[in-house]
Each structure stands twice: as C-alpha cells, then as structure tokens.
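Open the model in your viewer and keep the selection tool at hand.

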Amino acid sequence: MILKNYINGRFAPSRYATVRPFLNPADNSEIGQVAESSIEDVETAIHAARKAFDEGPWPKTPAQERAAKLLKLAALIDSRAAQLAEFESRNNGKPLREAEYDVADAAGCFRYYAGLATKPQGQTFEVGDPNIVCQTIREPIGVCGQIIPWNYPLLMAAWKLAPGLAAGNCCILKPSELTPLSVSVLFELIDEVGFPPGVVQLVYGAGDPVGQYLAASPLVDKIAFTGGGVTGRKIMTAAASNFKKVTLELGGKSPNIVFADADQNLALEYAMFGIFAGQGEVCSAGSRLLLERSLANSFLPRLAASCEKIVVGPGLDAGTEMGPLISRAHQKKVLDYIRVAHEDGAELLCGGGVYTDQRAVGNFVQPTVFTNARPDMRIVREEIFGPVLVVQLFDTEEEALRLANDSIYGLAGGVFTSDASRAQRVVRGLRAGITWINCYHPTFNEAPWGGYKQSGIGRELGTYGYEAYTEVKQITHCINPQPLGWFKNLA
Ligand code: NDP
C-alpha cells in the first residue's frame, strides 16, 4: 500500500516518487508507505488551489450546493465507519471504541457545517442616515493551509475541512506523517463526492518542508494549525510574511479540580478519563488533578488501585481501555518526563514504566500518577502528552484557583463539586477556553473549542469555527445618491 497525495482533483505520487513507511504503534510493524512530498508538490497544490479560488466556481457556488456535497461526504463517512475506525485504531493506537466516536464525530462535523453554510449570516447596521443601507456579508478567505497532528487524524481533518469548505474556501490539508491512513480514506470519499479540481487537496510529507512552506507561501491566505507550541511558533512566524490569518490550537496542562463535596465515584472515573482517554495524547487532557486535601487519604488509594486495573493493550484488541503511544520517540519523551519527576522529588503513586511482556514491542507506557508535586516541577508546568497524571493538593477554593491558573497554558479545566454556586464561581475564575462541571472531555461540534494564553489563537467548532474561515465585508449602499458638492470645480 502506497498512499498518494490528492492534488488538483487527482491522486498522485510525490514528485520524486519518494515514500516513507508508517507504523502500527502497538507493535511498530509497517502498515504501508506514504508519499513523501517535496516543496514542488506543495507548490503545485498551492497553485491549483489559487486557480480554483480565483477563477473557479467554488467560492461563488450557492451555499446550498456546497452543503449538499458536505452532506454527501458525511453519508459516505458513515458508510465506511467500521473501516475508518479500524484504520484509525491501527495507525494511531487508540482503543477501537474511541476511534468509533471519532468517526461519528467527523461525519457530524461535516453535517453541522453543511447546515451552518445556509443559515443567516451578516448584519444590517443603523448608521443614522436614512439614505444609507449598511450591511455586512461574510466571504471565504481564500486558500487555506491546514496542518493537523497525529492524535485525532480523521477528526482534526474534519474540524479543518468542514468549516473551510462550507464557507467556500479552497483547502490544502497536511496530515502528520505518522498517521496518514484514515485521512487517505477520507480523500477517497472526497474524490467520490466530486469537488471542483483544486478545491480540496491533500499533501503528505514532513512538517518541514511541506507544512513550513504552506505557512510561508504568499499565495496562501490562511493557515490553521493544531499541534505543539514549538511548531505553532514557527508557523506563526512564517505566516507573518504576508500577514496570513492564523488560527492555532496548541497544547495545555489542564487542571481538573475535585472538591470534597463532589460525588467521589464520578470524580474518580473522570479523573482517570481526563488523563487516560487517548493515552493522554490529548491537548485538553486533565493532566493536573487538584484534589482537596481532606480527600487525599480516601481518594488516592482508590485512584492507584483503579489505574492498575486499566486494560492496556493494542487498540484493536477487544476490551482494551488504553492503547500505545504514537511512536518510540514519543514514548521516550514521556519516559524522560517520568525520570525527571523522580529526580525533582515527586512521589510515584502507580505506574511509571513500560511493559516487559508481549507489549514490549509496542510503545506502551503504564498509566502513571505522581503525587507530592510542587508548582515549580517540570511535570506540573510542561505538557507531557502521555498517560501521566500529576496530583496537587489544596485547602481552599482560592488556593485551587491559584494553582489551576498558575500555568502558561489555558486550554481546558474541570470542576467537580455538588455546590452549584461554587461550580460557577470556579469555572468563571479559570483562565481557560473550555471548561467542564461534573464531567470532563465532552466535546461538541456545535460549541467553540480553543484556548487562552499559550494554548492558542482563535476558536474552532461552532459558529466561531465557521467565522474563522470568513472575511467580513462591509457594504454601504446609498439608496438616494446626491452630488456631494465637496469640490467646487469639477471638469
Ligand atoms: P507537531 O506540533 O510538531 O506536529 C503537528 C503537525 O505540524 C504535524 O503535521 C507536523 O508534521 C507539522 N509540522 C511539524 N513541523 C512543522 C513546521 N516547521 N511547519 C509546519 N508544520 C510542521 O507535533 P509533534 O508530533 O512534534 O509533537 C510535539 C509535541 O506537541 C507533543 O509532545 C505534544 O506536547 C504537542 N502536540 C499537541 C497536539 C495538540 O493536539 N495540541 C497534537 C500533537 C502534538 P509532521 O509530524 O508530519 O512532520
């Protein structure tokens, strides 16, 4: 199997026919090979997108027709859901049940934005002059580069393509080189729907040069990125060359705050779900558990015992509750953080290592919890992006909020309490873009997603996500034009 780019309405190998293997993280076996694109490939895609936007029909196609194509795509995703979920689990490592949710969400995302495309947009303004009709309309931005990571390959593709296409843009998607499999099926379906050439394209290849070139090209009008902060900074710098519109969805170190009056069973399960769903490779992971001190003696032993019972294995094995990490390199990064945690004096509650049984061939890391963490420790401050939970204790609501907000990040946060007033006070005190009360992680295509502080710029999903793919045009129409009389001597 060799996966190809999709450029100007055709599947094509990379210019120099170079490929790279991609792997199953459960055993590091090769699944197939993927086109390794060069700058020439991405340049071809950019020119095709430019032509499609500047001269093609897509931006002016009635919203109803654009919506019909997206609805057809959603139906095709549904029809291939089982295969897509299996591919996602095989290539990313996540448990099949999680991949199934991702596929359903991806189809839902195309449906949601198909619907939004035909809903009322624009406004009319009272400007104090009865001869003037002043309005705004929304128009597509143009050519959009969309760079996505490996943790939710299909879903991130949907989050980027659905609003971009619904709004009439021409999109070039660059997936992570580690996880091309589900996206390759998505583009088979896109081909089946039949968009005009150049409207929706796929370019595989390394972040640098392919993603970097998209971010820097003066022919690209917007860049949308999900991934790590180091890469986000490079993209923003490159995008400054032509003042591209930029949306960035970056990382987090999100607090999950449990008060003593919370339902303890609920809080325990969500504390685990918050960090171990997706092996902790989730931007919004609840990676810091802030626990009211009076709970420590009852909650922590239960947490340790429950973590030890998590079924860790290949995502495609029945009953698996947590899968392997994406790569050997990432496994090493996570294990390095565990070593640093020991060196810094944090106390290991459970996990903390790899498996020596048949799982040793894969990139598995045990569900790990550290306690006695100080705010200055690296495992408290830095995003680990793996199954490592750090517990901090607090005595008062004020202290909980202070600890929660003591971070360069501000993506998400959760609060568990049975006191509704406190719940509202605390989430409103959180400097974070996504907050949950008595739950953690539910994510909706209909509601905005994005972070405060160094967790990103802009919002995806919901109406905000659609607006991020539009320019606002003011139209001022004088319905009773009169000579101005400003210049006395008109020739
Ligand atoms: P990156 O942020 O580097 O990768 C995300 C995407 O950006 C990939 O498609 C990657 O391509 C691409 N990319 C890499 N370099 C460039 C560049 N110079 N210009 C344009 N695009 C580029 O993630 P990593 O895999 O390196 O992970 C590093 C850390 O980032 C993780 O440990 C985690 O902390 C965080 N992260 C956060 C995510 C989130 O959802 N917020 C998702 C993934 C990672 P390619 O990989 O193909 O080279």
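Select the ligand: it sits in the largest pocket. Here a pocket is an open set of points on a 1 Å grid over the protein atoms alone, where a 1.4 Å probe fits and protein lies on both sides within 12 Å along at least five of seven lines; sitting in it means that more than half of the molecule's atoms lie within 2 Å of its grid points. This is a predicted model, in which local features need pLDDT of at least 70 and side-chain atom pairs pLDDT 80 or more, while totals for chains, interfaces and linings use all residues. Residues are numbered from 1 along each chain, and side-chain values use heavy atoms, without hydrogens or water.

Next, show the shell: 29 residues surround the ligand, the closest being W150, E177, G207, G228 and K333 (a heavy atom within 4 Å). Colour by domain, using bounds from an automatic or database assignment: domain 1 (2-250 + 455-476) and domain 2 (255-437) both contribute to this shell, so the ligand lies between them.

Now look at polar contacts (N or O pairs within 3.5 Å). Select G228, where a backbone N or O atom is 2.7 Å from a ligand oxygen. At L250, a backbone N or O atom lies 3.1 Å from a ligand nitrogen. Then pick E383, with a polar side-chain atom 2.9 Å from a ligand oxygen. Taken alone the ligand exposes 850 Å², and the protein buries 86% of that (Shrake-Rupley method, 1.4 Å probe).

Move on to P209 in helix α7 (helices are DSSP runs of H or I, at least four residues). The D208 to P209 peptide bond is cis, with omega near 25°.

Last stop: N8, a residue other than glycine, has a positive phi near 55°.

Technical notes: A polar contact is a pair of N or O atoms within 3.5 Å; within protein, one must be able to donate a hydrogen and the other to accept it, and residues adjacent in sequence count only if both atoms are side-chain atoms. On a 1 Å grid over the protein atoms alone, a cavity is a set of points where a 1.4 Å probe fits but cannot get out, and a pocket is an open set with protein on both sides within 12 Å along at least five of seven lines; lining residues have an atom within 4 Å of a point. Helices (H or I, at least four residues) and strands (E, at least two) are DSSP runs, numbered from the N terminus.
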